[in-house]
Amino acid sequence: MNNKVADVIYFNGYIYTADKQNSVVDAIAVQDGYIIASGTSGELHQYVGPETESIDLEGRMMMPGIIDGHMHPFWGGIQLFGCHLNYESLTIEQILQRVQDHLDKDPRTGENDWLKVTAWLRQGMLPAGIDMYREDMDKLKTDRPVVLFSNDCHTLLANSRALELFGITKDTPEPPDGKIGKYDNGELNGILEDAPAMRAADSIASIRDDQAIEVAELVQKVLNQQGVTTVMDARVSEQQLEAFAELQQRDELTIRFQAAREITPDLTPNVAAVATAVDNAVAFAKKWHQADWTPAPGIGLRNIKMFVDGVMQYPTMTASLLQPYRINKGTDDAPNWVETDNYGDLYFTAEILDELMEKIAAAGYDPHLHTVGEGAVSIVLDAIEKMRAAHPEKDIRPGLAHNELVHPKDYARFARLKTIACLSFQWAAPTPELAAFERNMLGEERFEQLEPIAKFIDAGAVVAFGSDWPIDDFDEWYDLKVAATRRGRDIDGKPAPRLDNDRDLTVIEVLRSATIDSAFAQHREDVIGSLEAGKFADMIVLDRNVFEIPADDIENVKVLRTIIGGKTVHITH
């Protein structure tokens, strides 16, 4: 006779478990935050006791909670509070008007009161190809320091007051991991790209510690509403960890919080400096890492992050390529696309990357690297190959995030080197205008490798989903729909064009990438990622069955209930 009594049994559902067999059951039993059994309602009747709550799913679909393997949740939360441009394509005049309207209503007016404007779609400004500079920002009627932070977080545009407070002058040395923009006469044009942009944004004291807790509360609420139960913060700070740790101490944490600590190129100017940089990152990680999780949400930090290159989009073009970028030397009406001498940027040398991979693996941590272009992907895989040879016995799970352009030979290397492709699926749905531009910028041969997803899976590699919020608007189910269709949203009632250079993912491939495969990437597949006995009861209930609807309809999914460790943290009434 069974001596386990469930606290709650969910029954009469279509429950996708994401186990190895992709089993579907109609009932699941939970006790003390753990799944104790799954199967038919009849089979689970043995777990019913006098205090057991029975919840009828009424035929609705249940699945594991989404594990978002690469995002910046705190940045996203702060953005929800502030002045942002909603990722819209705008003219310079429209941007200035939006910012001025905010300034005019803002009670803060001091000459040291920062205003950071977010979700600036630099590459989508109108008319196409136009850029914005300090002289534009200085037209704002304010004495305050004002910056625009691009949606990809790789460009910051500052007015003169902001540059003054940053301490950046025309004589400031060019950093190794980005650019400080200048006019032809050597004066600052206000643009900072890649790491200088991120460091400048980080230096703006946007919130106090007590406000950080409010941001953390908002973030986990927003995540839970879309069915996210675990995240990996791909560039974490002490303040963010302190805020989520405070919620954990209050027993108010409703998200499992994994994170990565960054090592920047300035910390590793030479090979000799690598050991100290890794030791410091490991010491930081050990302070926060909770190795043994319980059903109640906890914190983990076992990833070490590096930005290896920049971004591909015009006009930044700092992602590392194996062949140069092309630009239009003609006009829109009579284009003339020619090769430049720009191959993008690599922020670590091969020698230093090799040493970083070896030292991180020796310490037992997982490298997590920003690699957008084929050049960055290739050089990192070279370093991982050497790391595998040096530590063949270690279970190290390197993750390469983004991989927007990959050389055909490297898909198989991902699989052979057991390297995880962490992908933001929505990028496989560029606008028609952006797709045409990128085809010309890269050429036809490379365009065929742009925004791959299925190519990794077909080569035998693991793909883990990561939305990269707030680089894009937070819309998990839209992102998953793109993986299944390679299409964005319909435009003026007309079907959106398909990026026809890779196959669509199956629904099972989409769901596994956002559940069990993402759990594997986080070294947590033993407790989360699938609905199996012995694992935490991290589950979501959907308003429609994604196996029974057109793939285009996945973006309309609504999460009716989010359960973490057996506890309902979101419910739609």
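Reader: Where does D538 sit?
Author: D538 is in the loop between α18 (516-521) and β21 (539-542). Helices here are DSSP runs of H or I with at least four residues, strands are E runs of at least two, and both are numbered from the N terminus. This is a predicted model, where local features need pLDDT of at least 70, side-chain atom pairs count only at pLDDT 80 or more, and totals for chains, interfaces and linings use all residues. Residues are numbered from 1 along each chain as its sequence is written, and side-chain values use heavy atoms, with hydrogens and water left out.

Reader: Why is D538 called buried?
Author: Buried means under 20% relative accessible area, with exposed over 50% and partly exposed in between (1.4 Å probe, protein chains only). D538 has 4%, so it is buried.

Reader: What does the side chain of D538 reach?
Author: The backbone nitrogen of G565, at 2.9 Å. A polar contact is a pair of N or O atoms within 3.5 Å; within protein, one must be able to donate a hydrogen and the other to accept it, and residues adjacent in sequence count only if both atoms are side-chain atoms.

Reader: And which residues is D538 in contact with, leaving aside neighbours within four places in sequence?
Author: Contact means heavy atoms within 4.5 Å. Among the partners of D538 are M63, T229, R256, L531 and G565.

Reader: What makes Q240 buried?
Author: Its relative accessibility is 8%, so Q240 counts as buried. Q240 lies in helix α8 and touches F74, D233 and R235, not counting residues up to four places away in sequence.

Reader: How do you know that P324 is buried?
Author: P324 has a relative accessible area of 2%, so the term buried applies. P324 is found in the loop between β14 (299-307) and β15 (326-328). Leaving aside neighbours within four places in sequence, its contacts are E339, T340, N342, Y343 and R446.

Reader: On to the helices: at what angle do α7 and α8 pack?
Author: Helix α7 (residues 209-225) and helix α8 (residues 238-249) pack at about 70°, axes 9 Å apart. That makes α7 roughly perpendicular to α8. Axes are lines fitted to C-alpha atoms, for helices over the stretch in contact, and angles run from 0 to 180 degrees between N-to-C directions. Under 35 degrees counts as roughly parallel, over 145 as roughly antiparallel, 65 to 115 as roughly perpendicular and the rest as oblique.

Reader: What is the handedness of the crossing where α7 passes α8?
Author: Right-handed. That word applies if the near helix is turned clockwise from the far one by less than a right angle, and left-handed if anticlockwise.

Reader: Why are α9 and α10 called oblique?
Author: Helix α9 (residues 274-288) and helix α10 (residues 350-362) pack at about 40°, with axes 10 Å apart. α9 and α10 are therefore oblique to each other. V274, A275 and V278 of α9 meet I352, E355, L356, K359 and I360 of α10. By class, that contact has six nonpolar, no polar and two charged residues. Ala, Val, Leu, Ile, Met, Phe, Trp, Tyr, Cys and Pro count as nonpolar, Asp, Glu, Lys and Arg as charged, and the others, Gly among them, as polar.

Reader: What about α10 and α11?
Author: The axes of α10 and helix α11 (residues 374-390) come within 9 Å and cross at roughly 40°. That makes α10 oblique to α11, and the crossing is right-handed.
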